[in-house]
Amino acid sequence: MGIRIQFFGATEQVTGSLHIIRTPAHTVLLECGLVQGSREEEHCNQLPFPLPIDEIDAVILSHAHIDHSGRVPLLVKRGYEGPIYAQRATQALCAIMLPDSGYLNEQEAQRYNRKRDRDQAPMEAMYTRQDAEDCMRLFRGVRYGESVEVVPGLTLRLHDAGHILGSSIVELNYRDQGQSRCLVFSGDLGYREAPVMNAPERIRHADAVLLESTYGDRLHRPFAETLEELGNVFHAARASHGNVLIPAFTVGRTQDLLYLMAENFEKWRLDEWQIYLDSPMGIEATETYSEYRHLYGARLFGPDSHLLKLPNFHASRSSDESIAINQIKSGAIIIAGSGMCSGGRIQHHLKNNISRPECHLVIVGFQAHGTLGRRIVDGADVIKLWDVEHRVRIQLHTVGGLSAHADQADLVDWYGAFENRPPLYLVHGEPYAQQALASKIESQFDAPVTIARHGQVVDI
Ligand SMILES: [Zn+2]
């Protein structure tokens, strides 16, 4: 017998990545991500895991984004004591991101408890900052290319996925009685023209492949156009004397943006702006990028640069520094999380700027169904923040080409590198994107493509 995989999270959606890998004697959790979306959708995170926790022998994470790693502290809080394997930079980023996620949980529970009616039960934070800090002791850092036996017979190798720092393609080889089976999981793959990260590594052979499909139906615009678009936004914003808000995922997109701003500083006349990175976690993540700069090719963090060479760059760590930005009516470029506007400091900046037509909102990342960011992109006239309605009058720009994700051409090309055309299972995508990618790959390679369903079991 080989290995059996069961799909649980990120099936026909883009968050909550979680799959179960079983060998005849052991069980491994591949990913342990948080579902992100509307409050109802996020409620799923509190539900029991799809298997008894004492059955899990090891956990493997592809990268640090919360939708791939964010339920790890809950797993540990509920009794998991085994190893958690991840690339070393992923481990470093998780040490920043998971405690932050715990802190957000605590805040949400406090807010709920302040407002709840007497007859409603108090809410307990899903996990706290402390829970997240505690789970870090179980992490085992792995280098790209290193072989690690995670359970008897099952060997893990990570390859650069080029998506964010430490992001990995997960290769699992199972050997039993002279037979071997190989499963490759793409994790999230990077975009070939991404400014900071390397192109995803290509793999030649597998017995089955799990492929993300976030942008399975789309081609990104050429990168030169994206740069021009960004330049035009800054130009328009300078003319209208407003602020520019950029909701950005703290890890990945933020560093790409800062890199591009440094590269195009004169062309975009950024000397006329003050640039705020209003995110303690974004600042820490940027420092981690600097520490692990041997893992990618960008010139952003040269040998002697500490953070960035932008002269008008402000790292806004404390809440006082963040609140001070509220006074600025024009001339500020504010990069703040969360990337889908569903929490974090960006919401304060939206409150202050979203009804001002002279201001600009630049959407640079995927906005999942049910998030505030998605509602704005879909054209909402009014949004609600802290129970107060605000008219949406800000000028909206969607700059898609800055994605940290592969587009359809990249995904097809990456699969095309497998010389034996292995069976392909699509995960981490919304249904229309998956269908488009499935038909493209089926017609181009005559390969068997399946859109993974929740709970589906596949033997490899
Ligand atoms: Zn990701």
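Predicted model: local features only at pLDDT ≥ 70, side-chain atom pairs only at ≥ 80, totals over all residues.
**Exercise 1.** Find which strands the buried residues of H10 pack against.

*Solution.* Next, pick out the residues themselves. Helix H10 spans residues 346-353, and its buried residues are Ile346, His349, Leu350 and Asn353. Finally, look down the axis: these residues cover an arc of only 105° around it, so they sit on the same side of H10.

**Exercise 2.** Work out whether H7 and H8 are roughly parallel or roughly perpendicular to each other.

*Solution.* Start with the geometry. Helix H7 (residues 253-263) packs on helix H8 (residues 280-291) at an angle of about 75°, and their axes are 10 Å apart. Angles of 65 to 115 degrees count as roughly perpendicular, and H7 and H8 are therefore roughly perpendicular to each other. Now list the partners: H7 brings Thr254, Gln255 and Leu258, while H8 brings Gly282, Ala285, Thr286 and Tyr289. Sorted by type, the contact of H7 with H8 has 3 nonpolar residues, 4 polar and no charged.

**Exercise 3.** Describe how H12 packs with H13, and which residues make the contact.

*Solution.* Take the axes to begin with. Helix H12 (residues 408-416) and helix H13 (residues 431-445) have axes 11 Å apart, at an angle of about 40°. That angle makes H12 oblique to H13. The crossing of H12 past H13 is right-handed. On the H12 side the contact is made by Gln408, Leu411, Val412, Tyr415 and Gly416, and on the H13 side by Leu437, Lys440, Ile441, Gln444 and Phe445. By type, the contact of H12 with H13 holds 6 nonpolar residues, 3 polar and 1 charged.

**Exercise 4.** His428 and Asp446 each have a positive phi. Decide for each whether the residue is buried or exposed.

*Solution.* Begin with His428, whose phi is near 55° although the residue is not glycine. His428 belongs to the loop between strand S20 (424-427) and H13. Asp446 is in the loop between H13 and strand S21 (449-451). Here the count is 8 other C-beta atoms within 10 Å, so Asp446 is exposed.

**Exercise 5.** Locate the cis peptide bond from Gly337 to Ser338 in the fold.

*Solution.* Check omega: for this bond, omega is near 5°. Then place the residue: Ser338 lies in the loop between S15 and H10.

Technical notes
Residues numbered from 1 in each chain as written. Axes fitted to C-alpha atoms, helices over the stretch in contact; angles between N-to-C directions. Helix = DSSP H or I, 4+ residues; strand = E, 2+ residues; numbered from the N terminus. Parallel < 35°, antiparallel > 145°, perpendicular 65-115°, else oblique. Left-handed = near helix turned anticlockwise from the far one by under 90°. Contact = placed C-beta atoms within 7 Å. Nonpolar A, V, L, I, M, F, W, Y, C, P; charged D, E, K, R; others polar. Buried ≥ 20, exposed ≤ 12 C-beta atoms within 10 Å, placed from the backbone. Arc of directions from axis to C-beta.
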